[in-house]
Amino acid sequence: HTPRRAFPVLPTMTDGETSGRRPRRAAAKNTAIGGNHGQPSAMHYVGYVEEDETPEQIMAKFAQLEKIQGEMAEAKAAAKAAAEEEDGEAGDEGDGIDVGVGIGRNPNDHDNEDFDQALLEKVFARTSKFSLKRALADDLYGDDEDAFLNDSDDDVDEQIDIENIFGGWGKKKRKVKSGGGKGAPREPKAPRVPKPQKSHMITAYNSDNQMLMRKKKVVDPRAPNVLKLPNWPIPVSWGRVVKPFTPEETLVAEKMALPDCAQHTLPILNSDLTQLGTDFLAVHCNPPWAVPLSPDSGKVTVEQIATIPFHKLAPYGFVFMWIEKENLSAVCDVMSAKQFVYVENLTWVQQRPNNTIANSNAEHLCRSHRTMLMFRRCVKQFPLAKEVELRHQRNADCTLDVTTTTASGRRAIPSHVYKAMETLLPEFYTAGHPGKLLELWSEPGPVGRRSGWTVVADGVAPPTPAGKGKK
């Protein structure tokens, strides 16, 4: 019986042999002959992250990537300068020698790419908080790795050889014959007794790569857990800050003093909204849908939404629209007819003050979250839409927040949502100039004001004072 290998052993050329094809790269040779004991390279796991990694840790990896690229670029520049100097000396010493190709270099060698194997493996070593062996174990056995490997069963025909999986070639598998003969029924396993927790994951600062790393630490389960919070201001991914009490009169005065905010009250479905502007970067809509049992139940239908000229309000921008599960497909069809394509969505998981999920009644399934669909003007039909500056992946696309009711009886949109939209479009507002964001079905009064926004509340427009009409 010959032990099985992950890759066949291929014959290799000696240094003196020549071939009609380009010499194989070192990485390809190692893979062909089962290099590194047949394990896949760590470069394939650079883009993987653990479920408990925070957005700050993920963004820090990009900084490390730029740092490593800079180091590799400096090393390549130094090597190139040394090679050019060596080629110059060789050209002075010998006559008739072609120095177009450096000594010891292959003109067909393409291993000096920006993202070669050496660079990606270095990125994995500095930025990943898990090892290659752990990644392979997770792929093979899933989350229940320890329980699977530590579970023993004498009735199996063949035990798994862990050394063979992780590179220990040449060892034969140990076979255990079953006592009942071929085809004998197996006895059921006894239920596994739950084991007490002997270790937990901690966050530690690594001064070598200047990153927060997650690692497993064995501790006494009776010892207190110490949690080190980041510096102020605490990011939303860690927790929320309870602000001190502020009188309502002070809050209203602060809202009314916000600059560059245009506030209107109009019958939205019966007004010419293009008079507000035709160069908005985004339109944010929170219509009171005519959906049974909805907490924000109103009289707006999908057919009425189709009459709003989004293509004129934001000809090269975005439309952010809150929907209900009953009309999700219909809203997508309406926006597609207006040459807006779906690109992403933001989910608001609704909670109660005691951090439990706030369920509300619905026709089929309970409502526990709201969804804001993000549509973008089709860049294939409107190439100018590509010129809009965007900042991706700066905020989470899912937020957990407590539901609060506004004066109009509707659910108040969390402030995190407005921050996410403003971060995505950094050019929306310049101090001293009108903003480029439009909100329809905003809350009336001071609570709906926000700098850089044009907010429109649905209702009857107030009468124009005498002597101040349009000329």
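User: What makes lysine 436 and aspartate 279 a salt bridge?

Analyst: Their side chains meet at 2.6 Å, N to O. A salt bridge is a side-chain nitrogen of Lys or Arg within 4 Å of a carboxyl oxygen of Asp or Glu, so the pair qualifies. Lysine 436 lies in the loop between helix 11 (415-424) and strand 9 (437-440) and aspartate 279 in the loop between strand 3 (262-266) and strand 4 (282-285), so the contact ties together parts 157 residues apart in sequence. Helices (H or I, at least four residues) and strands (E, at least two) are DSSP runs, numbered from the N terminus. This is a predicted model, in which local features need pLDDT of at least 70, side-chain atom pairs count only at pLDDT 80 or more, and totals for chains, interfaces and linings use all residues. Residues are numbered from 1 along each chain as its sequence is written, and side-chain values use heavy atoms, with hydrogens and water left out.

User: Why is glutamate 422 called buried?

Analyst: Its relative accessibility is 16%. Buried means under 20% relative accessible area, exposed over 50%, partly exposed in between (1.4 Å probe, protein chains only), so glutamate 422 is buried. Arginine 450, at 24%, counts as partly exposed.

User: How do you know that the buried residues of helix 3 line one face?

Analyst: In helix 3 (residues 117-127), Leu119, Leu120, Val123, Phe124 and Thr127 are buried. Seen down the axis, they fall within an arc of 140 degrees, so they line one face. The arc is that of the directions from the helix axis to the C-beta atoms.
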